[in-house]
Structure formats: structure tokens, C-alpha cells
Amino acid sequence: MIIRLSLFFAGLAIVVCFAGFSPPTQSNGVRAAGPSEVREINLDGLKKILQRDGKDTRPLLVNFWATWCDPCREEFPDLVKVDSDYRKKGLNFIAISLDDITDIKTAVPKFLTEMKAEMPVVLLNVNDPEPAIKAVDTNWDGQLPATFLYDKDGKVVFRHFGKIQPDELRDAIDKEVSLKQ
């Protein structure tokens, strides 16, 4: 699982560096790719995504998911809607797939296309998932789906393990977006 997470983050970093989208990029260089373009990242890529630059005051929403995870698949339409509703309000959202690396050009982009997802997506590929899990949040045991909202300083201000409750997530995002303005 850590290998997958690392690959996912490495891909996310590459996507951010080489693909553009209308909202500003994170100062760590991550940008959105096309809905079916998924990049591989490793543990270092994950850590780079989670780093906060003092110039980037946007809250960061990170969702860990996989195509083989039923609750992940069930919540994904809500996350696509959150991304659509909050992108212009200053939310930086990155979805991190923990699928097998062999699915990076097949199952993952197919699912993203079906969902009409526009947020940046990376596939984390790591040999040992523990360091990646702890880099994200010491309170996380690796359960999927997992959703984390970081404030402008990189502090986790919302976490949810399992399928999100959209209203709870939106309330947390609203607080962070209003602090930004």
C-alpha cells in the first residue's frame, strides 16, 4: 500500500509540474492533469504535496482512495462536486489513488473519466506504506477512503476515515475558505 501511495504522490508531483489548470498551482508545483492523466509518485512526492508554502494560503484537501474500494467509489461523485464547487473559491484538492501501479493507465483513468473528475490525481507507489501513512497524519491507520483538510499552515483541521459526509466536509472547507478571504 505504501508503494502505491508513493507512486501516487510522485505522479501527482509530475502532474503538477507539467500540466496546468485554471486555479493557481500549489507552490510545491502540483497542477491538475486531464481527467484521465494519472502520474506516479513516491514517498518524497507525497511529502512534497503536503508541504505548505507560506505564499499559498489555500486550504489543501487530500483524499486517499482506490478503484477497488467500494466506499471510495461511492463517495467519489460527492468529491467531484466539492472540487467543482470550491475550486474557484480557493480550495486546492488532490486525489491520491492507492491502486496497483499496473492500473495507472487502465482502471484508474477509466474511473476518473466516468466520474468526470477534474482534480489532480496521482497514484502513490511505495514499498512500505507506514512512512507514507505517518507523513499524512499520525492518527491515520491506512483505512480507505481517508480525507484530510489542511489549513494554510499545513495543520490537519478535518479528517475523516471511511465514506465522507458531504455536509461535514463542506462545513470544514467553508471555515477554511472564509479564513483565506
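The model is predicted: local features need pLDDT of at least 70, side-chain atom pairs count only at pLDDT 80 or more, and totals for chains, interfaces and linings use all residues. Residues are numbered from 1 along each chain as its sequence is written, and side-chain values use heavy atoms, with hydrogens and water left out. The protein has 181 residues, of which 54% count as buried. Buried means under 20% relative accessible area, exposed over 50%, and partly exposed in between (1.4 Å probe, protein chains only).

**Fold**

- The secondary structure comprises 6 helices and 6 strands.
- Helices (H or I, at least four residues) and strands (E, at least two) are DSSP runs, numbered from the N terminus.
- Along the sequence these elements follow the pattern α-β-α-β-α-β-α-β-α-β-β-α.

**Salt bridges**

- The structure contains 10 salt bridges, a salt bridge being a side-chain nitrogen of Lys or Arg within 4 Å of a carboxyl oxygen of Asp or Glu.
- Side chains of opposite charge can pair when their charged atoms come close.
- R87 is buried at 18% relative accessible area, whereas E118 is partly exposed at 48%.
- In the salt bridge between D137 and R159, the closest N and O atoms are 2.5 Å apart.
- That pair links distant parts of the chain, 22 residues apart: D137 is in the loop between helix 5 (129-136) and strand 5 (146-150), and R159 is in strand 6 (residues 156-161).
- D137 is buried, with 5% relative accessible area, while R159 is partly exposed at 33%.
- A network of salt bridges links K81, D85 and R170.

**Surface charge**

- D167, E168, D171 and D174 form a patch of negative charge on the surface.
- Patches are made of residues with over 30% relative accessible area and no salt bridge, with like charges joined within 9 Å and nonpolar side chains (Val, Leu, Ile, Met, Phe, Trp, Tyr) within 5 Å.
- Accessible areas come from the Shrake-Rupley method with a 1.4 Å probe, and for residues only the protein chains shown count as cover.
- Lys and Arg count as positive and Asp and Glu as negative, while His and the chain ends are not counted.
- A charge is placed at NZ of Lys, CZ of Arg, CG of Asp or CD of Glu.
- D174, one of the patch residues, sits in helix 6 (residues 166-180) and is partly exposed at 36% relative accessibility.

**Aromatic pairs**

- The whole structure has 7 aromatic pairs.
- Rings of Phe, Tyr and Trp (its six-membered ring) pair if their centres lie within 6.5 Å; planes under 30 degrees apart count as stacked, over 60 as edge-to-face and the rest as tilted.
- In the pair W65 and F111, the ring centres are 5.4 Å apart and the planes are at 35°, so the pair is tilted.
- W65 is in strand 2 (residues 60-65) and F111 in helix 4, so this pair links distant parts of the chain, 46 residues apart.
- W65 is buried with a relative accessible area of 0%, and F111 is buried with 3%.
- F111 also forms an edge-to-face pair with F76, at 5.2 Å centre to centre and 70° between the planes.
- F76 lies in helix 3 and F111 in helix 4, so the pair ties together parts that are 35 residues apart in sequence.
- Both F76 and F111 are buried.
- F64, W140, F148 and F161 are linked into a cluster by ring pairs.

- Y86, in helix 3, is buried at 4% relative accessibility.
- Y86 and I173 are 87 residues apart in sequence, and their C-alpha atoms are 8.3 Å apart in space.
- L50, in helix 2 (residues 43-50), is buried with a relative accessible area of 11%.
- L50 and G154 are 104 residues apart along the chain, with 7.1 Å between their C-alpha atoms.
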